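Here is a short briefing on selected contacts, strand pairing and surface features. Please read it alongside the sequence and the 3D view.

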Amino acid sequence: MEEIVVLVTVSSEAEATSLSRILVENGLAACVNIIPGVRSIFKWDGKISEEQEILLLAKTGRQAFDQLVTMVKANHSYTVPEIIALPIQLGSKEYLAWIQDATKSRVGMVEG
């Protein structure tokens with residue numbers, strides 16, 4: 001399995017907690033870190049916008065990514081949520097094994 005970190009930004013602490021719990025409870029992420037205080041400047045609908053957001057860092061396996069995307073989109077307040085996966089190049093053998101163990105058993109069995 002290929003381990004990845006998925007970045008997702010959300011608009012509130014409540015949404016961050018809810019979405020993080022959904023991902024972990026459904027076996028789509030082994031762990032989600034919630035990082036408050038992210039300041040985002042972006043172009044949307046032809047205008048430059050600036051918002052305070054919360055960044056989620058979800059540790060998971062590549063095999064869970066498609067279902068994770070579906071779950072995020074179904075439970076996210078944004079029309080087009082940020083969902084970006086980055087490969088984990090290196091990590092401790094034990095931690096990477098934990099990610100594999102925590103995410104492999106539920107993939108394909110997730111409730112929508």
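The side chain of T103 places a polar atom 2.8 Å from the backbone oxygen of I99. T103 belongs to helix 3, which spans residues 93-104. The model is predicted, so side-chain atom pairs count only at pLDDT 80 or more.

- Is T103 buried or exposed? T103 has 0% relative accessibility, so this residue counts as buried. The cut-off for buried is under 20% relative accessible area.

- How many aromatic pairs does the structure hold? The count is 1.
- Y95 and W98 form this pair, with ring centres 5.3 Å apart.
- Y95 is partly exposed, because its relative accessibility is 34%.
- W98 is also partly exposed, at 38% relative accessibility.

**Strand pairing**
- Strand 3 covers residues 47-61 and pairs with strand 1, residues 3-10. The sense is antiparallel, over 8 bridges.
- Within this part of the sheet, V8 has L56 of strand 3 as its bridge partner.
- Strand 3 also pairs with strand 2, again in the antiparallel sense, over 12 bridges.
- Which residue in strand 3 is the bridge partner of V32? That partner is A58.
- Strand 2 and strand 3 form a hairpin with 2 residues between the strands. In this hairpin, D45 takes a positive phi near 55°.

**Nonpolar surface patch**
- Which residues make the nonpolar surface patch of about 280 Å²? They are F42, W44 and V80.
- W44 lies in strand 2, which runs over residues 31-44.
- W44 has a relative accessible area of 41%, so this residue is partly exposed. Patch residues need over 30% relative accessible area, and no salt bridge.

Key: Residues are numbered from 1 along each chain as its sequence is written. This is a predicted model: local features need pLDDT of at least 70, side-chain atom pairs count only at pLDDT 80 or more; totals for chains, interfaces and linings use all residues. Side-chain values use heavy atoms; hydrogens and water are left out. Patches are made of residues with over 30% relative accessible area and no salt bridge: like charges are joined within 9 Å, nonpolar side chains (Val, Leu, Ile, Met, Phe, Trp, Tyr) within 5 Å. Accessible areas come from the Shrake-Rupley method with a 1.4 Å probe; for residues, only the protein chains shown count as cover. A salt bridge is a side-chain nitrogen of Lys or Arg within 4 Å of a carboxyl oxygen of Asp or Glu. Helices (H or I, at least four residues) and strands (E, at least two) are DSSP runs, numbered from the N terminus. Buried means under 20% relative accessible area, exposed over 50%, partly exposed in between (1.4 Å probe, protein chains only). A polar contact is a pair of N or O atoms within 3.5 Å; within protein, one must be able to donate a hydrogen and the other to accept it, and residues adjacent in sequence count only if both atoms are side-chain atoms. Two strands pair if DSSP finds at least two bridges between them. Rings of Phe, Tyr and Trp (its six-membered ring) pair if their centres lie within 6.5 Å; planes under 30 degrees apart count as stacked, over 60 as edge-to-face and the rest as tilted.
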